[in-house]
Amino acid sequence: MRFADEKRKKIVILAPISNNYINYFDAISGDKDNLYLIFAMERHRDNYPETLPENIKFVFLKIWNEEYIDYVISQTFGQQIDYVYAYSEEEIIFAAKLRKKYQVTLGQSLTSAEEFRNKLTMVKAAEQAHVAVPRYWPVDNVFDLIEAEKKLGFPFVLKPIAGMGSMDTFVVHDHVELERLAADKILRGYLAEEFIPWPLYHVDDFVKQGHFVYLISSKYFANTLEVKNGKSVGSVQISPTAAEQKLIRYYVTDLLKGMDTPENYLFHLEVFCDGREVKLCEIGSRLGGGRILQELEQGLGFSPIQELLKLDLGLPNKVDLDKEYKSAEIRGFVMVEPGRGILQKLPAADAVLAANPEVYDYYQYAKLGRTYNGAASSVEALAAISVCGKDSRTVEEKLKELDAWLKKAAVYS
């Protein structure tokens, strides 16, 4: 299975997510100078062309088997490779372990990956950077949970150290809820944090050699925990001149100084801000979820995922080190929460776009005939609706209007 020519750079790409979303294949398909070994899912085979260049090989997997991936890499490239690329949050640690094993110097180290992935390691790194964080307490058993309440008081937040998308995350309001969690959950690998009742923001950034390629902040009008209360998750970009943006920029700069970071990377940061102070929620070395990729592509004119890959590989790219990019107009999106029952009808995307010129992206997640019972996490939705406009207030009002309209238009049985 080895490539015939081993003098060229050996590149491994971990791609469990559909190429229709990432579209990284377009970034490398014209490169004849490097050797590529790409791991993708069998169910996504149709996302790729049938005929491939001789220097690009695919391994399609029925299940994402890390041990088998490691084995195939060793059989194909031997004991040393030049680059490992991973986009999805689940693969951050695995990719870093591969870099360590195969002596890859470019990209994120294992120490860095753990700081950006493990919430306990993350908050300790932030403390070392001398930035504000919520009071916290590690929880690995029911006794730790009881101690967390003593240290933090009610309400407090309980979240998995390696979690994502608000899944398995709880706000504990009183002793009744604490007792229920103690009885119903195996409490290993959790972090308890004081509840911060401030507005929540997400910050998306592309860093090249310590330089901000862009730094775009958005405010949640319904945050990722509010799906449990029947609200659709949504956010709107804030103006680059907003007072909160200045506070957040200072916070980001100080936070990153205390973290182990690669030379070039993307990050998605969530922070609480009351207009005077900023506190950490969490940070990941990846692009944000929802429709943040589409926001950035539309507002900046390029895909951060593709440009990071090309930048690291030394391929021609659109990133100008002497420029900090700003988004064109103000953009936002809402992930419309499903109702309850068997979904029978939804409006067609073409009709939504035609009737609402402010909408630049409409993506339907839901499937007709499927049973829904609300949203269990922030990544579940009927559809995502993206809007652009002249200011944050106008965009937010339109998103809320469309959210209510789509919920009413959806028909269940």
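Contact here means heavy atoms within 4.5 Å, and buried means under 20% relative accessible area, exposed over 50%, partly exposed in between (1.4 Å probe, protein chains only). Helices (H or I, at least four residues) and strands (E, at least two) are DSSP runs, numbered from the N terminus.

A word on what you are viewing: this is a predicted model, where local features need pLDDT of at least 70 and side-chain atom pairs count only at pLDDT 80 or more, while totals for chains, interfaces and linings use all residues. Residues are numbered from 1 along each chain as its sequence is written, and side-chain values use heavy atoms, leaving out hydrogens and water.

Next, show the side chains of H9, residues 243–257. Gln245, Ile248, Tyr251, Val252, Leu255 and Leu256 are its buried residues. Looking down the axis of H9, you find them within an arc of 125 degrees (taken from the directions from axis to C-beta atoms), so they line one face of the helix. Turn to the face away from that buried side for the exposed Ala243, Lys246, Tyr250 and Lys257.

Now go to Pro155, in the loop between helix H7 (142–152) and strand S6 (156–160). A cis peptide bond links Phe154 to Pro155, with omega about -15 degrees.

Finish at Glu329, between helix H11 (304–313) and strand S14 (330–335). Its phi is positive, near 65 degrees, though Glu329 is not glycine. Glu329 counts as partly exposed because its relative accessibility is 47%.

How values were computed
The expected span of a helix is 1.5 Å times one less than its number of residues.
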